[in-house]
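Let's take a walk through this chain together, from its overall build down to a few side chains. Have the model open and turn it as you read.

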Amino acid sequence: MDRFDHAFTALGQRISGLSMPERSVSAPVPLASLIDRVNAAKRLYRPGVRR
């Protein structure tokens with residue numbers, strides 16, 4: 001094994017030993033709020049409407 005192989009193997013072992021980060025849970029967004037956002041975006045991007 002040369003130096004590169006040794007370093008690569010050591011790095012792989014260190015990465016394998018790490019634990020996966022916990023995903024933070026965010027509060028659910030109400031469906032009505034999402035629909036309002038989509039409708040607002042539609043109003044902004046109508047073809048032929050100048051800003």
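First, some housekeeping. This is a predicted model, in which local features need pLDDT of at least 70 and side-chain atom pairs count only at pLDDT 80 or more, while totals for chains, interfaces and linings use all residues. Residues are numbered from 1 along each chain as its sequence is written, and side-chain values use heavy atoms, with hydrogens and water left out.

The chain has two helices and zero strands; helices (H or I, at least four residues) and strands (E, at least two) are DSSP runs, numbered from the N terminus. The radius of gyration is 25 Å, well over the 10 Å that the globule rule gives for 51 residues, so the chain is more spread out than a compact globule. That radius is taken over C-alpha atoms, and the globule rule is 2.2 Å times the number of residues to the power 0.38. Along the principal axes, the C-alpha atoms fill a box of roughly 65 × 30 × 10 Å.

How much of the chain is buried? Of its 51 residues, 0% count as buried, where buried means under 20% relative accessible area, exposed over 50% and partly exposed in between (1.4 Å probe, protein chains only). The accessible surface comes to about 5,600 Å², of which 60% belongs to carbon and sulfur atoms; such areas come from the Shrake-Rupley method with a 1.4 Å probe, and for residues only the protein chains shown count as cover.

Now look at H1. This helix has 15 residues and reaches 21 Å from its first C-alpha to its last, close to the 21 Å expected at 1.5 Å a residue; the expected span is 1.5 Å times one less than the number of residues. The number of buried residues in H1 is zero, so the helix lies largely in the open.

H1 also holds Phe4 and Phe8, four residues apart, about one turn of the helix. An α-helix has 3.6 residues a turn, so residues three or four places apart point the same way. The structure holds one aromatic pair: Phe4 and Phe8 are stacked, at 6.0 Å centre to centre with 20 degrees between the planes. Rings of Phe, Tyr and Trp (its six-membered ring) pair if their centres lie within 6.5 Å; planes under 30 degrees apart count as stacked, over 60 as edge-to-face and the rest as tilted. Phe4 is exposed at 58% relative accessibility, and Phe8 is exposed at 57%.

Moving on, Pro28 sits in the loop between H1 and H2 and counts as exposed, at 77% relative accessibility. Its C-alpha is separated from that of Leu11 by 38 Å.

Finally, find Ile35 in helix H2 (residues 31-44), partly exposed at 43%.
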